[in-house]
Amino acid sequence: MKRQPPVSIERLLFETFLCYSVAVLTPAPPFAAVNSVEDFKLRTREKLKDVTCPVHRQPPRIRFEGSTLHDVRLSLSSCCERLAVIANKAIAS
């Protein structure tokens, strides 16, 4: 395996700055912004609206706690582990 030449600290800082600048300066699509707890709840429910257990045909149950985006918590309960995995993947997408 060919060894890579060492990277200078200046180059590393420049690349880090460039990546950060692009992330900050590039506007996010309008659907990506979550502005309130109610918006977060709505988007999460939307992601789970078609999710059901393939075995028991039950939807997951969700509960939200907290009044700000900083302290909001989501509790998810399901009929089985399989539905919990499916629901978590849907929320993460």
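Helices here are DSSP runs of H or I with at least four residues, strands are runs of E with at least two, and both are numbered from the N terminus. By that naming, Thr-44 sits in helix α2. Before going further: this is a predicted model, where local features need pLDDT of at least 70, side-chain atom pairs count only at pLDDT 80 or more, and totals for chains, interfaces and linings use all residues. Residues are numbered from 1 along each chain as its sequence is written, and side-chain values use heavy atoms, with hydrogens and water left out.

pLDDT is the predictor's confidence in each residue, from 0 to 100. The protein chain averages 75, and 63% of the residues score at least 70. Confidence is lowest in helix α1 (residues 9-25), with a mean of 44, and highest in α3, at 92. Over residues 16-31 the pLDDT is below 50, and that stretch has two contacts in the model beyond near neighbours in sequence; a contact means heavy atoms within 4.5 Å.

**Around helix α2**

Back to Thr-44. Setting aside neighbours within four places in sequence, Thr-44 touches Phe-64, Leu-74 and Ile-91. For the table, buried means under 20% relative accessible area, exposed over 50%, and partly exposed in between (1.4 Å probe, protein chains only).

| Residue | Relative accessible area | Class |
|---|---|---|
| Phe-40 | 25% | partly exposed |
| Thr-44 | 4% | buried |
| Phe-64 | 13% | buried |
| Cys-53 | 0% | buried |

Rings of Phe, Tyr and Trp (its six-membered ring) pair if their centres lie within 6.5 Å; planes under 30 degrees apart are stacked, over 60 edge-to-face, and the rest tilted. By this rule there is one aromatic pair. The ring centres of Phe-40 and Phe-64 are 5.9 Å apart with planes at 80°, so the pair is edge-to-face. Because Phe-40 is in helix α2 (residues 37-48) and Phe-64 in strand β1 (residues 61-65), the pair ties together parts 24 residues apart in sequence.

**The core and its cysteines**

A nonpolar core is a set of buried Ala, Val, Leu, Ile, Met, Phe, Trp, Tyr and Cys residues joined through side-chain atoms within 4.5 Å. The largest one has seven residues: Leu-48, Val-51, Cys-53, Cys-80, Leu-83, Ala-87 and Ala-90. Helix α3 (residues 81-92) supplies the largest share of this core, three residues.

What about disulfides, meaning cysteine sulfur pairs within 2.5 Å? A search of the whole structure turns up zero. The sulfur of Cys-53 is 3.6 Å from its closest cysteine sulfur, in Cys-80, so it is too far for a bond. Leaving out neighbours within four places in sequence, Cys-80 is in contact with Cys-53 and His-56.

How values were computed: A disulfide is a pair of cysteine sulfur atoms within 2.5 Å.
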